[in-house]
Amino acid sequence: MSILKIARMGHPILRGVAAAIADPTAPEIRQLVDDMIETCLDVGGAGLAAPQVHVPLRLVLFRVPSERLSGREHDTAMELSVLINPVITPLSDERELGWEGCLSVPGLRGAVPRWTRIRYTGLDHDGAPIDRIAEGFHARVVQHECDHLDGVLYPQRMEDLSLLGFVEEIARYPIPLRRESSPGATP
Ligand code: NI
């Protein structure tokens, strides 16, 4: 196992569209998963996508830390989970703002609108199917990581760049976030 170098915003690998993985059980994919897990744990990240370690393949991993839970049914703490060739389907029109950071955008935090409730499917590292419903932070981290597979970083999802700032300043001067609703939905 080894700790991998993480690409930072501006590197072209982060703007590309990653390719599907034909065989999740291939030795080189297992090695990549092991190295990504070690890298993610080493830096204390909530998630990591293969393009962030310079590999343009559709593979992400993420965890749901207990301190980030929203209290909703499908938002429960989760150890590191591997997701290959993911597909995300929003389950409602509702979005909400929440704070995100990214290992490829070090030192910053931004408030990003994301679907509050999604279904996601894909394969695990043994090639077994995954089919889950996620809400709250769980839904957010999956959307964030899967965006990396299409060359999208969280600032590109932001609609109000006044809500982008340095970690220390946002901790010192907290900004309350409102919940967004689609037109016609109950606010
Ligand atoms: Ni990221």
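Visitor: What model rules and numbering apply here?
Guide: Residues count from 1 along each chain as its sequence is written, and side-chain values use heavy atoms, with hydrogens and water left out. The model is predicted: local features need pLDDT of at least 70, side-chain atom pairs count only at pLDDT 80 or more, and totals for chains, interfaces and linings use all residues.

Visitor: What is the mean pLDDT of the protein?
Guide: pLDDT is the predictor's confidence in each residue, from 0 to 100. In this protein, 95% of residues reach 70 or more. Over residues 181-187 the value is below 50. The mean pLDDT is 93.

Visitor: Which residues coordinate the nickel ion?
Guide: Donors are N, O and S atoms within 2.8 Å of the metal (3.2 Å for Na, K and Ca); water is not among the atoms, so sites may look incomplete. Here the distances run from 2.1 to 2.3 Å. The donor residues are spaced C-x41-H-x3-H in sequence. They are C102 (SG), H144 (NE2) and H148 (NE2).

Visitor: How many residues apart in sequence are the parts that C102 and H148 tie together?
Guide: Helices (H or I, at least four residues) and strands (E, at least two) are DSSP runs, numbered from the N terminus. C102 sits in strand β4 (residues 95-102) and H148 in helix α2 (residues 136-148), so the pair links parts of the chain whose separation is 46 residues.

Visitor: Are C102 and H148 buried or exposed?
Guide: Buried means under 20% relative accessible area, exposed over 50%, and partly exposed in between (1.4 Å probe, protein chains only). By that scale, both C102 and H148 are buried.

Visitor: Which element gives the most to the lining of the largest pocket?
Guide: A pocket is an open set of points on a 1 Å grid over the protein atoms alone, where a 1.4 Å probe fits, with protein on both sides within 12 Å along at least five of seven lines; lining residues have an atom within 4 Å of a point. The largest pocket is lined by 26 residues, with C102 among those nearest its centre. β4, β5 (105-115) and α2 each give two or more residues. The top contributor, with six residues, is α2.

Visitor: Which element supplies the largest share of the lining of the second largest pocket?
Guide: This pocket has 16 lining residues, and those closest to its centre include W115 and D147. β3 (78-90), β5 and α2 each supply at least two. The largest share is four residues, from β3.

Visitor: Which residues is T39 in contact with, leaving aside neighbours within four places in sequence?
Guide: T39 is found in helix α1 (residues 27-43). At 1% relative accessibility, T39 is buried. Contact means heavy atoms within 4.5 Å. The partners of T39 are S2, I3, L4, I6 and L48.

Visitor: What separates the C-alpha atoms of R117 and R95?
Guide: R117 is in strand β6 (residues 117-123). R117 is partly exposed, at 28% relative accessible area. R95 is 22 residues away along the chain. The C-alpha atoms are separated by 8.2 Å.

Visitor: What is the phi of H54?
Guide: Most residues other than glycine have a negative phi. H54 is not a glycine, yet its phi is positive. H54 lies in the loop between β1 (47-49) and β2 (59-64). Its phi is about 70°.
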